[in-house]
Amino acid sequence: MDNTQKINAQAMGHNGPIDFEVSVNNNQVTDLEIKQHSETPGIFDQVADKLRTNVLENQSFEIDAISGATVMSEAILESADQAVKEEGVQLPNKTKEQKQQEEEVQADVVVIGGGEAGLVAASKALTAGKKVVLLEKNGYLGGATILNGSNVTATGSKTAEKIFGESAKKDSPEALAADVSNESLETNDENLTQVMTENIGDAIDFISDFAGLEYVKAQTQTPEHTIDRQIELPSSSSYELIKKVSEAFTKKGGQIFLDARVEHVLQDDDGKVTGVLAKGRQRTLTVYADAIILSSGGYGANLEMRGKESRGLDYYGPQTSTGDAYEFLAPLDLQTKNIGWYKVYPHGVEVKPGIAKLTTYASKKATDMGAIYVNRKGERIVNESDVYAKLRNAVLKQPDKVAFLVMDKRTWQEFYHLLVLHDFTEEEIRQYFANDGKKSPIFVHGSLKEVAQKAGINASVLRETLKNYERYAARGNDEEFGRNSQFLHRYEGDELYVVEQRDRFATTLGGFVTGADLKLRTKDGKEVSNLWGAGEVIGGANGHDSMPSMMNTWSISSGFVAANNALLKLK
């Protein structure tokens, strides 16, 4: 007889409540099903799957949380445990006492970090018939990549020819490199930029074939690129790449260890790096390898490493981006550069002190519909339809690094729809308005006088600003900033909605120093013979700023090149 009992429960995640259901039959948990959440899908899906497996295996909620998602997974486990006990269910608890296990692995190549660069590097080395081990400190894969879209450039690839046809021939590595240099104001490392632009074509074709990725033309071809060259996956999500590549890697014989945080490198008597030691909740893992590829990501969540340039900027990247490599590689005395550089974007709201959530899709839609940016003085500050770098810089120039997006009700409704679609919940938005402008994030609505008072904006100047803008919109000519007439729209009605806009960052642009071969270098200029870098951990390819799609471009191309160079060493 089926005596299945459905027990509903709720836990609080980073972005709002997580609703789930526990199925119990004869005091046995038979399922743990997530019903609704607003967490980052790429991370949450992996965490939820692993939690479900562990709960069913142990028949208990008193199990370890998932590394890198401790708060969220503990909240689910505690809420589930309480809900089941309240229903009088007594679980058998098959949890066994876990002792710290020690394990040794011999490999040809060990890759440190399971983000985009690491997975590409590991996959490339695997196809050469090498034994490859990938170590990831979190209980899930993806790194900072998991928060990004899948958009990337395809310059010089067969993929580009398929997608763009004859126009793909108009693009070249030299043209892409020129765009990179222009966007970064020539702060880029030309050698690394050349590595990126000359190899992204082969890298994209390789990883597409390896994992069955079907790229399409990106919906948005951003103006920073002088030619259409941006592609993306059908889902637009980088999680699609992470999932498909990792599945292909393990299916073809690669080995992935999660919850494996590298603590230090192993060296022989001559100082040569011979492997790494990694620790997790239940295992100490020693991996010996002839080649080590470092793709451990950035340091955005490490307040001690961040320089003065980050002051006043909100962080929206993973809290696990703590720059571990700078600690466990300290004995090698490696060169670093530009540690104070960050990839800064506009379109953020401060949901906690120093922590942002992005509003990119909603903000872009609002400006397309005619919304304007103002400062606390009530003055417009920028051509709202210009490239993101211009928006970002205009906000950075404000004394408090805050601007305000001013919308009518018609625009707000579209803005709201896109917020809810992308990581905001209806409840948290209601709470923002309930705060009435008294604390961040500022979300207010009402008459012009009311919103100005609540948001701390000069009402009389704002009134004059809107009056002038209405005149520009009516004439189809923005006399102040030259905004394209297709984005000039008159405001409808007297009710206004005002939402703060702050700059934010997730990606660090500084890192370890390498040459074109991506071998890491010591402070006295010597190459470490068998240690290569890839991805965010290496600084310079995109300079002090990067165009849209270029962080993924660097991750994929550098992972591909690092593996190729490691393979040459292993021959």
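Trainee: Which residue follows H1, and what is its phi?

Mentor: Glutamine 59 follows H1. Its phi is positive, near 50°. Keep in mind that this is a predicted model.

Trainee: How many residues does H1 have, and how far does it reach?

Mentor: H1 covers residues 41–58, which makes 18 residues. From first C-alpha to last it reaches 25 Å. That is close to the 26 Å expected at 1.5 Å a residue.

Trainee: Which residues of H1 are buried?

Mentor: Gly42, Ile43, Phe44, Gln46, Val47, Ala48, Leu51, Val55 and Asn58.

Trainee: Why would residues three or four places apart point the same way?

Mentor: An α-helix has 3.6 residues a turn, so residues at that spacing point the same way.

Trainee: And what covers the buried residues of H1?

Mentor: The cover includes two strands, S2 (17–25) and S3 (28–36). It also includes helix H2 (70–86) and helix H7 (238–251).

Trainee: Switching to serine 363. Where is it?

Mentor: Serine 363 is in helix H9, residues 360–368.

Trainee: Is serine 363 buried or exposed?

Mentor: Buried. Its relative accessible area is 0%.

Trainee: What does the side chain of serine 363 make a polar contact with?

Mentor: The side chain of glutamine 501, at 2.8 Å.

Trainee: Which residues does serine 363 touch, leaving out those up to four places away in sequence?

Mentor: Gln501 again, plus His347, Tyr373, Leu405 and Phe415.

Trainee: New topic, sheets. What is the order of the open sheet of three strands?

Mentor: S6-S8-S7, with antiparallel pairing. S6 (152–153) and S7 (216–217) stand at the edges. Each has a single partner strand, so one side of each is left without a neighbour in the sheet.

Trainee: How many bridges join S7 to S8?

Mentor: Two. S8 spans residues 230–232, and the two strands run antiparallel. Valine 216 stands opposite glutamate 232 in S8.

Trainee: Now the whole chain. How many helices and strands?

Mentor: The chain has 15 helices and 23 strands. Its radius of gyration is 25 Å, close to the 25 Å that the globule rule gives for 571 residues, so the chain is as compact as a globular protein of that length. Along the principal axes, the C-alpha atoms fill a box of roughly 75 × 65 × 45 Å.

Trainee: What share of the residues counts as buried?

Mentor: 57% of the 571 residues. The accessible surface comes to about 24700 Å², and 45% of that belongs to carbon and sulfur atoms.

Trainee: And of contacts between residues at least 6 apart in sequence, what share joins residues at least 24 apart?

Mentor: 70% of them.

Key:
Residues are numbered from 1 along each chain as its sequence is written. This is a predicted model: local features need pLDDT of at least 70, side-chain atom pairs count only at pLDDT 80 or more; totals for chains, interfaces and linings use all residues. Side-chain values use heavy atoms; hydrogens and water are left out. Helices (H or I, at least four residues) and strands (E, at least two) are DSSP runs, numbered from the N terminus. Buried means under 20% relative accessible area, exposed over 50%, partly exposed in between (1.4 Å probe, protein chains only). A polar contact is a pair of N or O atoms within 3.5 Å; within protein, one must be able to donate a hydrogen and the other to accept it, and residues adjacent in sequence count only if both atoms are side-chain atoms. Contact means heavy atoms within 4.5 Å. The expected span of a helix is 1.5 Å times one less than its number of residues. The radius of gyration is taken over C-alpha atoms; the globule rule is 2.2 Å times the number of residues to the power 0.38. Accessible areas come from the Shrake-Rupley method with a 1.4 Å probe; for residues, only the protein chains shown count as cover. Two strands pair if DSSP finds at least two bridges between them.
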